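The following note concerns the salt bridges of the structure shown below.

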Amino acid sequence: MKKFVLSILTIVVLAGCSVTEPIPVKGEVVACSTINVLPVQGEVLDCLDGSPGVSVDSIKGPALLNVWGTWCAPCRQELPHFAHYIATKGSIPVIGIAVEEKSPLVVKKFVETHGMTWPILYDAAGSTRGKFGMGVPVTWFIDASGTVAFKKYGPFNSVEEIELDVAKYLGEK
């Protein structure tokens with residue numbers, strides 16, 4: 001019995017030493033006017049807030065460009081890590097691109113209930129498939145000149161992972 005209790009206590013202590021857990025954040029639809037853009041032309045994606053859209057090719061960094069979908073389980077798993085990054089330590093803006101969605105209203109409701117507090121572009125026509133590929137989540141690290149410094153395929157598993165990649169590929173802490 002003592003070994004059992006000791007084992008349980010050890011597990012509880014070790015679990016308490018794990019990586020930082022995301023904090024709950026209330027989501028809100030953020031205006032796309034907060035996106036820093038270069039005067040580059042390209043296909044314009046709608047902005048979830050209803051303001052004029054933005055061309056993905058015109059986004060100036062440093063920025064994280066995260067392609068995701070409400071229907072994507074790995075995307076939903078990484079969203080709290082982005083929310084925590086932005087709420088506590090994020091020096092680099094995050095911009096989302098919602099793909100393969102039924103309607104902007106579905107995305108708006110999802111944003112508000114899942115702690116998203118960054119601008120979201122809405123790819124209604126699926127025009128970004130050629131640029132980002134078919135799988136999500138995908139995160140592009142855009143440097144200050146607007147060049148893609150790194151492409152991450154798959155979800156982030158922690159806030160620390162985001163911070164390490166931001167430092168590594170964009171030189172920011």
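**Note on the salt bridges**

1. Glu-161 is partly exposed, at a relative accessible area of 23%; here buried means under 20% relative accessible area, exposed over 50% and partly exposed in between, with a 1.4 Å probe and protein chains only. The partner of Glu-161 in a salt bridge is Lys-152, with 3.5 Å between the closest N and O atoms. Lys-152 is buried, its relative accessible area being 12%.

2. The model is predicted, so local features need pLDDT of at least 70 and side-chain atom pairs count only at pLDDT 80 or more, while totals for chains, interfaces and linings use all residues. Residues are numbered from 1 along each chain as its sequence is written, and side-chain values use heavy atoms, with hydrogens and water left out.

3. Three salt bridges are found in a search of the whole structure, the criterion being a side-chain nitrogen of Lys or Arg within 4 Å of a carboxyl oxygen of Asp or Glu.

4. Asp-57 and Lys-131 form a salt bridge in which the closest N and O atoms are 2.7 Å apart. Asp-57 belongs to the loop between β2 (54-55) and β3 (63-68) and Lys-131 to helix α4 (residues 129-132), so the pair ties together parts 74 residues apart in sequence. Helices (H or I, at least four residues) and strands (E, at least two) are DSSP runs, numbered from the N terminus. Asp-57 is partly exposed at 38% relative accessibility, and Lys-131 is partly exposed at 36%.

5. Arg-129 forms a salt bridge with Glu-100, the closest N and O atoms lying 3.5 Å apart. Arg-129 is in helix α4 and Glu-100 in the loop between β4 (94-99) and α3 (104-113), so this pair ties together parts 29 residues apart in sequence.
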